[in-house]
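Dear colleague,

Please find below the structure that I am handing over to you. My notes on it follow directly after.

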Amino acid sequence: MSLRTYFDLSQPDRSGLGSQIAEQRRRVTDRLAGVRSVVLVMSGKGGVGKSYVTAGLATALARDAGQTVGVLDADLRSPTVARLLGAAGPLKVTDDGVEPAPGVHGVKVMSTEFLLREGQPLAWRGPSAERFVWRGSLEVGALREFLSDVRWGALDLLVIDLPPGADGAVELGALIPKLTGALVVTIPTDESRRSVSRTMRAAAEAGIRLLGVIENMSYLDLPDGTRMDIFGSGGGEQLSQATETPFLGKIPIDQNVRIGGDSGKPIVVSHPDSPVAKALREIAENLAARISVAALGGQNELPINIVE
């Protein structure tokens with residue numbers, strides 16, 4: 001599969017770059033015409049389990065709510081969602097575009113993992129000098145391709161799993177027509193709370209509606225019936241209150257999340273009666289309600305404050 005790429009030009013543009021991008025934006029709009037809602041999943045830092053949460057919510061909505069769901073892994077350099085959802089290549093390419101790979105319970109998945117050999121890092125073709133200048137343009141171009149050339153078809157929900165930080169949310173927020181909003185994943189620590197707050201501020205300033213905060217790795221249930229707050233407690237709720245963003249729920253720690261992820265079976269499938277699976281289903285219900293509310297409103301109007 002070959003991805004078209006676009007470069008910033010320092011000389012007068014004879015390439016028709018502007019018209020190419022305009023055409024691609026039109027194709028994105030056409031491709032997503034059958035998608036009822038598009039939700040970004042973001043975090044301020046890595047290591048909070050955002051992709052596990054994405055996979056769990058997508059599976060819960062498909063398995064328990066009967067929704068048709070697609071997932072786009074926008075973390076181009078460190079893709080993980082495909083394996084978490086049990087999706088594998090090779091991709092089927094037709095004259096009308098690329099078919100997303102099927103995952104558990106029919107979740108449609110697109111990821112750079114399907115385009116790379118095992119262990120191969122993502123590398124962009126281009127001049128070796130000052131790569132930081134043009135790499136961002138290539139990454140955005142690749143995401144445009146995923147949105148415009150992948151045959152998503154009719155979906156109730158397309159979930160886009162973003163890399164850590166705010167850049168991906170801002171870029172995709174400008175690209176996707178009628179973006180429903182963004183979910184925020186954090187852990188209870190003060191460090192995560194402060195980092196995520198800044199990401200939320202950047203997204204809100206870009207006009208992206210914040211659908212809710214999810215606290216992952218909230219606690220560990222011990223065999224004696226007590227709970228251990230490994231990463232502290234209350235960080236997600238504090239973040240929700242400080243930013244006046246709905247708190248959608250807490251997800252406890254369970255080693256079966258990791259075991260299921262390694263085998264391509266999210267915990268809502270492998271251990272549907274576990275506290276984590278129950279928490280994910282409840283959060284999925286809360287998310288569905290927030291999406292319904294967002295469909296009736298405009299852009300984010302919440303006063304987002306940086307948490308110090």
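What share of the contacts in the chain with a separation of 6 or more comes from residues 24 or more positions apart? Such residues account for 78% of these contacts, a contact being heavy atoms within 4.5 Å.

Please note that this is a predicted model, in which local features need pLDDT of at least 70 and side-chain atom pairs count only at pLDDT 80 or more, while totals for chains, interfaces and linings use all residues. Residues are numbered from 1 along each chain as its sequence is written, and side-chain values use heavy atoms, with hydrogens and water left out.

The chain holds ten helices and twelve strands; these are DSSP runs, helices (H or I) of at least four residues and strands (E) of at least two, numbered from the N terminus. Of its 308 residues, 49% count as buried, that is, under 20% relative accessible area with a 1.4 Å probe and protein chains only, where over 50% is exposed and in between is partly exposed.

As to confidence, the mean pLDDT (the predictor's confidence in each residue, from 0 to 100) is 85, and 83% of the residues reach 70 or more. Over residues 5-9 the pLDDT is below 50, although this stretch has 15 contacts in the model beyond near neighbours in sequence. Residues 298-304 also stay under 50, with 22 contacts beyond four places in sequence. Where pLDDT is low, the predicted coordinates should not be read in detail.

Apart from its neighbours within four places in sequence, Leu172 is in contact with Leu40, Ala74, Leu143, Leu147, Ile160 and Leu162.

H10 covers residues 275-296. Its buried residues include Val276, Leu280, Ile283 and Leu287. The axes of H10 and helix H2 (residues 50-63) come within 9 Å and cross at roughly 75 degrees; axes are lines fitted to C-alpha atoms, for helices over the stretch in contact, and angles run from 0 to 180 degrees between N-to-C directions. The two helices, H2 and H10, are therefore roughly perpendicular to each other, a term for angles of 65 to 115 degrees. Among the residues that meet there are Val53, Leu57 and Leu61 in H2, and Leu280, Ala284 and Leu287 in H10.

Yours sincerely

Terms used
The expected span of a helix is 1.5 Å times one less than its number of residues. Angles under 35 degrees count as roughly parallel, over 145 as roughly antiparallel, 65 to 115 as roughly perpendicular and the rest as oblique.
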